[in-house]
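Open the model in your viewer and keep the sequence panel beside it. The stops below are meant to be taken in order, each beginning with a selection.

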Amino acid sequence: MKSFLVQTTSQRRPTPQPEVTQSHDDEPTEVKLALLASLHPELEQETLFDFLLAHDGSVAHASEALGCGQHRLRPRDKRKGVIGHQQSLRHFASPGETAQPMRKKFKSKKGTTLHLYDPTDVAEHTPCTIIHNFLPPEDANDLLRELLREADSFEKITFKLFDSVVSSPHTSSFFVESHEEMVAQKSEYYYNGSQLTDVRRITPQLAKVKRTVQDAVNQQIQERIKTRYPGGKKLQFQSPKPWVPNSAFVNCYNGAQENVGWHSDQLTYLGPRAVIGSISLGVAREFRVRRIVPKDDSDTSKSGGEGEGQISIHLPHNSLLVMHAEMQEEWKHCVTPALSIDPHPVAGNKRINVTYRDYKLRMHPRHTPRCACKVPCVLRVVQRKRENHGKYFWMCHAGNVPGKSGCSFFQWAEFDDDGKPITNHGHAAKATGRGGGHEKTLSPAP
Ligand SMILES: O=C(O)CCC(=O)C(=O)O
Ligand SMILES: [Fe+2]
């Protein structure tokens, strides 16, 4: 699951604007236009294009001129900011380029947010794919109605943040397939240091939709592998087996302010390179993603993922977002608070989100390391330090449990190419000098 971090003060600040004084001369036209559009969201793209041409392609000069007031003659659609207004980045391509697939040079810049609506843009620039109008409309409404009833009794999850116990800025519940799993989830699994108190049996509509989600996600995984991964091969540690969801977290965001802060979903029970199928129902909201590790290992630039901006994927009612295998290890995501929302005819001010997940038996807490604190360890991946980048490790989770302080337990986690754990708890791993041994307290962590 996620770290339900409430947005920090800095995240609550208005979206930072692009740095117009820096040179964008080497950027393709569509990127310059996207930058201008984020600086002047009230204007139509033709206006922006005209100004860009008139200023020899200089974003800074075009933006300065646009700030002078003439442009008010051509305001954009009055629904500016309304989520669900579909627009493709392809509209930003300069004439003559439109028939060609866009150059992949695009990179969202630090301090900017690029808004994506079009499925092709989402697949190209993020670790996700999106399918709009995913379910037959009646099925989507049935699922929405059913989950709105369930959500009446959802609660905020509490978790430990440094020395305080805080609660998630939205409500949720977890749905599993059998009574045994309900019992196991409440007694054996930990999420951000807490055990779930509200675990429910899968509802009829959630079960019905599961099969459709499963088929679509597996198809999207294959498509992704074929078209986007190096050599058309699955990623290292990604499972070659079909994705079979066996549980679902359901979140309810009531009103514009409810949100979920930046996080990666916990891989402890899903294993490496996990795929998640996420359905959005009711009010459309923004789902943001941000790369946290450098795109390319050969990229020696210091900034890596830190040099890139946020990408906002708009999630309308009845859309399926597939978070692909590269997502949790290399990106963070959040649902930002909205300035305003369009009420939905069935859901009012609420958005329901279902994330279907494939909990792996081999990652059950009975098979994974446990330190002296007696809480199952949490699986993490090294995201920043270049030399160990991409390596997985187990660490003590007890520090997140209210009232506990945790220990410094650390152990590298080894997986075969298909994501199966090589070193089971209880079997000594190869000593690496960095902590291959089992149940050892080692430091420093990476
Ligand atoms: O509401 C969403 O779309 C995302 C929720 C999420 O990130 C999560 O449940 O981990
Ligand atoms: Fe998440």
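Select the iron ion (ligand 2) and its donors, which follow the spacing H-x1-D-x67-H along the chain. Asp265 lies in the loop between β7 and β8 (276–282) and His333 in strand β12, so the pair ties together parts that are 68 residues apart in sequence. The protein donors are His263 (NE2), Asp265 (OD) and His333 (NE2), at 2.1 to 2.2 Å from the ion. Donors here are N, O and S atoms within 2.8 Å of the metal (3.2 Å for Na, K and Ca), and water is not among the atoms, so sites may look incomplete. Helices (H or I, at least four residues) and strands (E, at least two) are DSSP runs, numbered from the N terminus.

This is a predicted model, in which local features need pLDDT of at least 70 and side-chain atom pairs count only at pLDDT 80 or more, while totals for chains, interfaces and linings use all residues. Residues are numbered from 1 along each chain as its sequence is written, chains are lettered from A and ligands numbered from 1 in the order in which they are written, and side-chain values use heavy atoms, with hydrogens and water left out.

Is His333 buried or exposed? His333 is buried, with a relative accessible area of 2%; buried means under 20% relative accessible area, exposed over 50%, and partly exposed in between (1.4 Å probe, protein chains only). Asp265 is buried as well. Draw the distance between the side chains of His333 and Asp265: a polar contact of 3.0 Å joins them. A polar contact is a pair of N or O atoms within 3.5 Å; within protein, one must be able to donate a hydrogen and the other to accept it, and residues adjacent in sequence count only if both atoms are side-chain atoms. Beyond four places in sequence, the residues in contact (heavy atoms within 4.5 Å) with His333 include Gly261, Trp262, Phe287, Val289, Met323 and Gln328.

**The five-stranded sheet**

Next, select β1, β10, β9, β12 and β7, which in that order make an open sheet of five strands with mixed pairing. Two strands pair if DSSP finds at least two bridges between them. β1 (113–116) and β7 (260–263) stand at the edges, each with a single partner strand, so one side of each is left without a neighbour in the sheet. From one strand to the next the twist averages 20°; axes are lines fitted to C-alpha atoms, for helices over the stretch in contact, and angles run from 0 to 180 degrees between N-to-C directions. Within this sheet, β9 (residues 285–291) and β10 (residues 310–315) run antiparallel and are joined by five bridges.

**Strand β6 and its partners**

Move to β6 (residues 247–254), where seven of the eight residues are buried. Six bridges join β6 to the antiparallel strand β4 (residues 164–176), and the bridge partner of Val176 in β6 is Ser247. Eight bridges join β6 to β13 (residues 350–357), also antiparallel. Here Val250 has Val354 as its bridge partner.

**Loop residues**

Select Arg273 in the loop between β7 and β8. Its phi is near 55°, a positive value in a residue other than glycine, and at 15% relative accessibility Arg273 counts as buried. Asn318, in the loop between β10 and β11 (319–323), has phi near 65°, again positive in a residue other than glycine. Asn318 counts as buried at 5% relative accessibility. Leu361, in the loop between β13 and β14 (378–381), is exposed at 65%. Leu361 and Gly271 are 90 residues apart in sequence, with 9.8 Å from C-alpha to C-alpha.

**Whole chain and confidence**

Zoom out: the protein chain has nine helices and 16 strands, and 54% of its 446 residues count as buried. Colour by pLDDT, the predictor's confidence in each residue, from 0 to 100. The chain mean is 79, and 69% of residues reach 70 or more. Residues 1–24 are below 50. Residues 425–446 also stay under 50. For the complex the predictor gives an ipTM of 0.99 and a pTM of 0.74.
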